[in-house]
Amino acid sequence: MGRAEDTKNLIVTKAMHLFNTKGYKATSLSDITSATGITKGAIYGNFENKDAVAVAAFENATENVMAEIGALIRAQPTAPLKLKTIVRYYEDYINNPPIKGGCPIINTAIEADDDNYPLLRSRAIRVISILKQTFQKIVYRGIKEGQITADVDVEEFTHVFYALIEGAIILSRVEGDLSSYRIIRTSLEKQIDQITKN
């Protein structure tokens, strides 16, 4: 890796934590220069503008999270166990997020939902779509391999599954404890058991 690539990676890594803790709007280029020790000129030498830094930081953050959860999913032998692993992963995630500041998808989606930041919003929509498709593939494969009942509405199940997880994360973060998430976790595990083929 060359020096220019090292500089770019340093900017992205530091900015990722800043955007995820302070928010996009509240994070200034001065914050990024202070965190990196790099001049504004050097930042503009690597990125067109603050939007470009934010997009790269968001993509880096979500790639890290998806790589982590992907490894855990692949380690499980059946679809029901993969689904339960996802639910348990996000419980640990609340207190020990891999990216400082919590879930970059939730943080970005909330800040970009009014269309003031179309580039970030489009990236958040894309990542949410990838996650939902991943969950759908798990369920479809589970049906194909005889692990999940064939009558399950896959699209409905995975949309509700993902929405409940994200909603429970928000509740638990706002409330400052895991009570809400644990209630949702128990409910989701029951739903997984209901669609598991005996």
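Guide: Contact, or touching, means that heavy atoms lie within 4.5 Å. The model is a predicted one, in which local features need pLDDT of at least 70 and side-chain atom pairs count only at pLDDT 80 or more, whereas totals for chains, interfaces and linings use all residues. Residues are numbered from 1 along each chain as its sequence is written, and side-chain values use heavy atoms, with hydrogens and water left out.

Helices (H or I, at least four residues) and strands (E, at least two) are DSSP runs, numbered from the N terminus. Thr 108 is a residue of helix H6. When residues up to four places away in sequence are not counted, Thr 108 touches Phe 58, Leu 120 and Ala 124. Its relative accessible area is 13%, so Thr 108 is buried; the classes are buried under 20% relative accessible area, exposed over 50% and partly exposed in between (1.4 Å probe, protein chains only).

Ile 110 also belongs to helix H6, which covers residues 104–112. Together with Ile 170 and Val 174, Ile 110 forms a nonpolar patch on the surface, with about 290 Å² of accessible area for the three together. Patches are made of residues with over 30% relative accessible area and no salt bridge, like charges being joined within 9 Å and nonpolar side chains (Val, Leu, Ile, Met, Phe, Trp, Tyr) within 5 Å. Accessible areas come from the Shrake-Rupley method with a 1.4 Å probe, and for residues only the protein chains shown count as cover.

Tyr 117 sits in the loop between H6 and helix H7 (118–144). A relative accessible area of 17% is why Tyr 117 counts as buried. Residues up to four places away in sequence again left aside, Tyr 117 touches Tyr 24, Lys 25, Glu 111 and Ala 112. From C-alpha to C-alpha, Tyr 117 is 21 Å from Ile 99, at a separation of 18 residues in sequence.

Side chains of opposite charge can pair when their charged atoms come close. A salt bridge is a side-chain nitrogen of Lys or Arg within 4 Å of a carboxyl oxygen of Asp or Glu, and a search of the whole structure finds 7 of them. One of these joins Glu 59 and Arg 123, whose closest N and O atoms are 2.8 Å apart. Glu 59 lies in helix H4 (residues 50–74) and Arg 123 in helix H7, so the pair ties together parts that are 64 residues apart in sequence. Both residues are partly exposed, Glu 59 with a relative accessible area of 26% and Arg 123 with 23%.

Asp 193 and Lys 84 meet through their side chains at 2.7 Å, N to O. Because Asp 193 is in helix H9 and Lys 84 in helix H5 (residues 79–95), this pair ties together parts 109 residues apart in sequence. Asp 193 is partly exposed at 43% relative accessible area, whereas Lys 84 is buried at 16%. Arg 182 and Glu 91 also form a salt bridge, with their closest N and O atoms 2.9 Å apart. That pair links distant parts of the chain, Arg 182 in helix H9 and Glu 91 in helix H5, 91 residues apart. Arg 182 is partly exposed, at 42% relative accessible area, and Glu 91 is buried, at 9%. Through shared partners, salt bridges join Glu 91, Arg 182 and Arg 185 into one network.

As for the whole, the protein has 9 helices and 0 strands. Its C-alpha trace spans about 60 × 40 × 30 Å along the principal axes. Of the 198 residues, 41% are buried. Among contacts between residues at least 6 apart in sequence, 67% join residues at least 24 apart. The protein exposes about 10500 Å², and carbon and sulfur atoms supply 51% of that area.
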